[in-house]
Amino acid sequence: MARAPVEMAAQEDLPESDRLADFPHPRHSMDIFGHDQAQKIFATSLQSGRLHHAWLLTGPEGIGKATFAYHCTRHLLGKSGAGDIQGQQSDRLVAGLVHPRLLLIRRPYDPKTKKFTASIPVDEVRRLRPFVGKTAEAGSWRVVLIDNANELNVSAANALLKVLEEPPRQTVFFLIAPEPGRLLATIRSRCRALALEPVTGDAFARAMQHAWSGRDEPATADLSSDRLAHLAAISGGSVRRALVLADNDGEALFQRVDALFEQLPDIDWVEVRALAEELSVPGQDGRFHLVLELVLQKIAALAKARATDNGHQVDLDQARRLISDPMVASWAELWETIARQKAETQALNLDRKSLILSVFSGLSKNATPEMSR
């Protein structure tokens with residue numbers, strides 16, 4: 001006998017830590033843009049009857065890992081056994097985050113402080129126990145989605161590990177982790193890693209147009225093929241970053257950051273201070289975080305180019321000019337430091353101007369001009 005419809009609750013009234021501004025949340029996208037190989041791998045595993053209980057979805061920020069996870073979730077929950085919630089009703093319940101066999105774990109929002117928690121606390125992971133403690137119905141899947149697993153605090157990560165060590169029946173975990181190396185090795189060892197690649201070509205263009213048209217208040221934007229190609233290039237194939245670029249005068253910011261890297265190891269402190277002053281003004285949250293993301297993206301590209309001697313020619317030339325062989329590890333450490341400081345500044349509302357000045361000071365100290373080697 002089919003179940004009665006589940007009443008939809010007001011789950012989207014509060015801000016969501018895994019949603020970008022007023023763009024549609026990944027769970028509302030019925031399409032995946034790119035990632036054909038990842039889809040084949042998951043489908044093959046499911047069809048084999050030996051679906052792994054935990055999937056670690058890796059790859060750069062904003063390339064569609066959450067969209068992929070929700071696509072797999074809808075497939076699993078919508079084709080369960082007889083007498084279960086199926087089809088379009090199941091899809092609607094997933095979209096509303098009220099499906100009884102879906103548990104989403106993410107940084108919660110505190111209405112009193114009007115802020116998100118700095119990390120995913122252990123209390124969020126403890127919700128797993130009653131969720132997986134229920135008897136799984138024959139032929140029915142349950143899904144736990146963690147977005148993002150890099151934000152688990154130490155206690156939360158250990159609590160998750162205990163569940164993964166004795167995986168419950170008919171339950172699939174999706175752990176979204178842009179930086180899998182920061183997860184506990186014991187968690188990684190219990191997951192099947194699935195690396196998603198940056199979005200390119202037609203898939204990138206369709207993803208951008210889909211996201212832009214789905215905004216709460218759609219605005220006119222130049223999404224010509226030339227601009228989309230430029231956004232794809234400077235975003236590194238991250239649709240999320242490209243949306244932020246397109247919505248925050250990002251191309252101009254990219255040029256300013258790029259010019260500062262071109263000058264290294266010298267620093268135009270007049271320009272850096274001017275940029276820091278601009279980004280410290282209230283209402284500049286999006287541009288502040290974008291500048292730091294651009295800096296992190298550039299550091300990662302240069303460090304990778306120097307370590308592997310592979311990458312875009314511009315990055316290779318800059319890396320050879322600025323990074324001596326002994327300094328490759330220092331640039332990786334600089335990336336870690338800036339990423340941590342960015343998170344702390346956001347969580348604790350620290351001084352943004354000081355962080356921007358510190359970032360470029362660190363870049364100057366780590367840059368080794370070719371002539372001095």
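Pro-168 lies in the loop between helix H6 (154-165) and strand E6. Helices (H or I, at least four residues) and strands (E, at least two) are DSSP runs, numbered from the N terminus. The model is predicted: local features need pLDDT of at least 70, side-chain atom pairs count only at pLDDT 80 or more, and totals for chains, interfaces and linings use all residues. Residues are numbered from 1 along each chain as its sequence is written, and side-chain values use heavy atoms, with hydrogens and water left out.

Pro-168 is buried, at a relative accessible area of 16%. Buried means under 20% relative accessible area, exposed over 50%, and partly exposed in between (1.4 Å probe, protein chains only). Leaving aside residues up to four places away in sequence, Pro-168 touches Val-132, Arg-142, Val-163 and Phe-173. A contact requires heavy atoms within 4.5 Å. His-53 is 115 residues from Pro-168 along the chain, yet their C-alpha atoms are separated by 8.5 Å.

Strand E1 covers residues 54-58. Five of its five residues are buried, so E1 is largely enclosed by the rest of the structure. In a regular strand the side chains alternate between the two faces of the sheet. In E1, Ala-54, Leu-56 and Thr-58 point one way. Trp-55 and Leu-57 point the other way.

E1 pairs with two strands. Pairing requires at least two DSSP bridges between the strands. Four bridges join E1 to E6 (residues 171-176), and the two run parallel. Here Leu-57 has Ile-176 as its bridge partner. Four bridges also link E1 to E7 (residues 192-195), again in parallel. Thr-58 stands opposite Ala-195 in E7.

The chain as a whole has 16 helices and seven strands. Its radius of gyration is 22 Å, close to the 21 Å that the globule rule gives for 373 residues, so the chain is as compact as a globular protein of that length. The radius is taken over C-alpha atoms, and the rule is 2.2 Å times the number of residues to the power 0.38. Along the principal axes, the C-alpha atoms fill a box of roughly 75 × 45 × 45 Å. Of the 373 residues, 47% count as buried. Among contacts with a separation of 6 or more, 74% come from residues 24 or more positions apart.

The accessible surface comes to about 18300 Å² (Shrake-Rupley method, 1.4 Å probe). Carbon and sulfur atoms hold 51% of that surface.
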